[in-house]
Amino acid sequence: MVFSRRANLFALIEISLAIAFFVMVAVTYLTFTSAPPNGELLPSGQVAALLVGTLIPTMALLVLLGRRLALRRAAGSTARLHVRLVFLFSLIAAVPTLLVAGFATLLFQFGVDFWFSDNSRDLMASTNTLAQNYYEQNQLDVANETIAMASDMRFYLERGTITDESFPNYYQYQAQGRDISESVILQLMPDGTTRSAAVFNLRQDNDPATYAGETLPTLIAGKAVSVSGNPTRIEALAPIDRESGVYLYNARNSEAASFNFWRGANSISAAYQQLISRARALQLRFSLALFVISVALVGLAVWFALRFADRQVEPLTDLVAAARRVGAGNFAMRVQGRTGGDEIGLLNRAFNRMTQQLEKQTDALVAANRQIEERRSFIEAVLESVTAGILSLDEDGLILLMNNSAQKVLFDGEHASLVGRRLSDVAPEIANLVSSGSTQGIVTYSRNGELLTLAVKVGNETYGRVITFEDITRQLLDQRQAAWSDVARRIAHEIKNPLTPIQLATERLKRRYRKQIDGEDEGQLFDELTSTIVRQVGDLRKMVDEFSSFARLPKPVFRQEDVVDLVRQSMFLQEVAHQEIDFHYRSDAAAPTIIACDRHQIGQAMTNVLKNAVEAVESRLRQSGSEEAEKGQITVLLEELDDKICIAVEDNGVGLPTDMERIVEPYVTTREKGTGLGLAIVNKIVEEHGGEMQFSNRKEGGSRISMTFARNPQKTKTSDGYRDVNKKVTA
C-alpha cells in the first residue's frame, strides 16, 4: 500500500484504462465505418467482442472513480472502509452486467442475421419485381380500356350528342365498368388550348389540360394512345375523333382497388430496403444501448455503495470531524449522532461530556478577552469618529497610531501606511513644535502646495506623546471674510451718503457759473474740473456698489436653468462691447444642459470673469505697443462631468501673478483701479453653487480660470458636512 501511494499506482491504472477505452472506441468506429458498403452486417462474435472490450475499461474506470469519491467523502478517516464497500458493490454489479451484455449482443445479432439473410432479401426482391410488373400491367390495362372506351364514345356520339339526357348515365357506366377513377372529354380549340366538354369524378388536384398539352403532339402524329404513371395515378389519353379534336382522358388513382395492391406491395418493399440500408446502424445503436445501460447499472451500483458506506460509517466520520474541530478550539462542539446503548452511542456520550468540561473551563478566558477587545474597539471607534487629528508617538518620535482625520488633513486622504515612520520625516512643522517643548501652538503646514493653519496640542504620556490638532484654515478664512464684509458695509455706509450731494452740487455749479466765466481757456478749465469731480464721484459710487454687493450678497434662488444659454448671453454682451477681441465658444456638452442655479448670480460671475479676461488682453496690447501684436482672443470651454459642470475661460493676456492663490481674497487686485472684490464675489457665488475655482497660467501665454458648478448644489456636501472652499491652484 505504501508503495502504491508513493508510485501513484492508481493514477497510472486510471490513465491506462482511459487509453484502453479510447482505443476500443476508435477500433469500433473504424470497424463500422470500414465495413462493406452493401449493407451487410458485421459478424456477431466481432460485435460482441467490441462491446465487451469497451465495457471492461469503462466499468473499471467507474470503480476507480467510486474509489476517488469514497476517499473524498471519508476525508481520510474511514477511507479504507468506504473503498472496500464501493469495490464490493461495483464487483457484484459489474460482472453480471458484463455477462448479460455479451449474451444479449449475441442473441440480437443471431436474430438480425435471420431477418437480413439472403433468403429474406430474395423474397423481398421478388415481391418488388412482382409489384413493378403489376404496376406496368395496370398501365397497359388503363391504356386498353381508354382505347375501348374512346371507341364506344365515338359510336355513341355518331348517333347522339353530349347534351342528351342519357349521356351522363352512359358516360358513368363506361368509366365505372372499366375501373376508371377519373375521366374527362377534352375539346381541342383552334387556338391550341383545350376545354372540358364532359367530366366524371375529377379530383381538385388533377389538371387533365396540362397532361393533354404534353401528350397531344404524339396523338396528333398518329399514336393510338398515350399512357404514363406516377405514385399518385395512372393517366391515359386517346382520340375519340381526331378530325374534330375530341379526346378522352382517363385516370386510375390510388382509390382504385387494383392500384392499391401495387402501392401496398411497393411500400413494403421500400420499407424493407430502407431497413436493410439501416441494418448496420441498428446494429450499432443496439450495441450503444447495451453499453449505456451497462455503464448506468455499474454507476448506480457505485452510487448506492457510496450512500450505503456513508450511512454505515457516518457516525465514525462525524466523531472524527468533531474531534478535529475540538482540537482547533471549538469546545462547544457536540455530536448529534447515535446516543443509544451500543458502542457508538457510548463513545458519542463520552465525547460530549469531555467537550462540555472543556467549554466551561475556557468560557471565563474567552469572556475576559472579549471584554478587553470591546474596550479596544470602542477606543478606536472614538478616535476614528472625532474630527480632530490624533497622533501617538513613542519616546523616539516614531508614529504608533494615526486616525483617519489626521490622515486626511496631513496627506489629503492618501492610504499609505505611515505607522513606524518618524514624525520629523512626515510633518516637520509639527515635529518642530513638539521638540520645542510647547504644549500647544499654531502651525502652518504645506500640503501639496496648499497652506493649512493647524491648532496643535501636545500631551505627554508614559510611553511617549499624544498630539491632537485641528484644521482652522476654514475658520480663519470665515473670520477674515466676515471682517472684510463688515469693513465693506461700513465703508459703503460712510461713503455713499455724501456722494449724491457732491455730485448734485458740482452739476449745479457747472450750470450756474459756467456762463459767467469769460475766456475760452478759463471755461474749458472749469468744464474739465467739474467733469472730473462728476466722473470721480461716479467711480466712487461704483466702488461703493461693489462693497455693498460683497457685503450683502443674497442667498441664491435655485431654479432649473440652461447653462449653455447663460454662457452665450454673457459672451454676447462682451462681444458687442469689445469687437476688437475674438471670442470663441467650445463645448462637448449637449445643448441644452440643465442645472439648478441662480440665473442672475451665474450671469454676474461669468460677466466678472470675462471682464477680467478682457482687461488682461487689453493690458498685454498696451504693453506691447506694436500694431503687429497678436490679436486678443478669449475662449470659453464648457465640459460636462459626472455630477458637475465645468466652465473655463482662457485668454492670451498678461497672465496671473505668482501669488495667484490670493487673488480671490477681498481687496487683492493687480489692476490700478481695481477694488479687489470682483473675483471675491465670483468665488462666493461658485461656493454657494457647490463648486470651486481653479487658476493657472497657460504655456502659450495668458491665463485660465475654471469654475465648477454642481448640477444640484443643494445636495452637494463633502464628507465633513460642508463645502470645501480651499482653492486648487496649478502653475
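Guide: Welcome! Helices (H or I, at least four residues) and strands (E, at least two) are DSSP runs, numbered from the N terminus. By that count, Ala 616 has its place in helix α17. The model is predicted, with local features needing pLDDT of at least 70, side-chain atom pairs counting only at pLDDT 80 or more, and totals for chains, interfaces and linings using all residues. Residues are numbered from 1 along each chain as its sequence is written, and side-chain values use heavy atoms, with hydrogens and water left out.

Visitor: How many helices and strands does the chain have?

Guide: There are 18 helices and 18 strands.

Visitor: Is Ala 616 buried or exposed?

Guide: Buried means under 20% relative accessible area, exposed over 50%, and partly exposed in between (1.4 Å probe, protein chains only). Ala 616 has a relative accessible area of 13%, so this residue is buried. Across the chain of 731 residues, 37% count as buried.

Visitor: Which residues is Ala 616 in contact with, leaving aside neighbours within four places in sequence?

Guide: Contact means heavy atoms within 4.5 Å. On that basis, Ala 616 is in contact with Asp 651, Gly 653 and Val 654.

Visitor: How do I read a helix such as α16?

Guide: Begin with its length. The expected span of a helix is 1.5 Å times one less than its number of residues. Helix α16 (residues 563-577) has 15 residues and should span 21 Å; its end C-alpha atoms are 22 Å apart, which agrees.

Visitor: Which residues of α16 are buried?

Guide: An α-helix has 3.6 residues a turn, so residues three or four places apart point the same way. In α16 the buried residues are Val 563, Val 564, Leu 566, Val 567, Ser 570, Met 571 and Gln 574. They fall within an arc of 165 degrees seen down the axis of α16, so they line one face of the helix; the arc is that of the directions from the helix axis to the C-beta atoms. Phe 572 and Leu 573 are exposed, on the face of α16 turned away from its buried side. The cover over the buried residues of α16 includes β11 (559-562), α17 (599-624) and β14 (633-640).

Visitor: What caps the N-terminal end of α16?

Guide: Asp 562 does, with a side-chain oxygen 3.2 Å from the backbone nitrogen of Val 564.

Visitor: Which residues touch the most other members of the largest nonpolar core?

Guide: In soluble globular proteins, nonpolar side chains tend to be buried together. A nonpolar core is a set of buried Ala, Val, Leu, Ile, Met, Phe, Trp, Tyr and Cys residues joined through side-chain atoms within 4.5 Å. The largest one here has 35 residues, and Val 563, Ile 634, Val 636, Ile 647, Met 693 and Met 707 touch the most other members. Helix α17 gives the most to this core, with 8 residues. Apart from it lies another core, of 23 residues, including Val 409 and Ile 467.

Visitor: Where does Asn 652 lie?

Guide: Asn 652 is in the loop between β15 and α18, and is buried, with a relative accessible area of 8%.

Visitor: What does the side chain of Asn 652 reach at 3.0 Å?

Guide: A polar contact is a pair of N or O atoms within 3.5 Å; within protein, one must be able to donate a hydrogen and the other to accept it, and residues adjacent in sequence count only if both atoms are side-chain atoms. The side chain of Asn 652 reaches the backbone nitrogen of Gln 633 at 3.0 Å. A polar atom of that side chain also lies 3.0 Å from the backbone oxygen of Lys 631.
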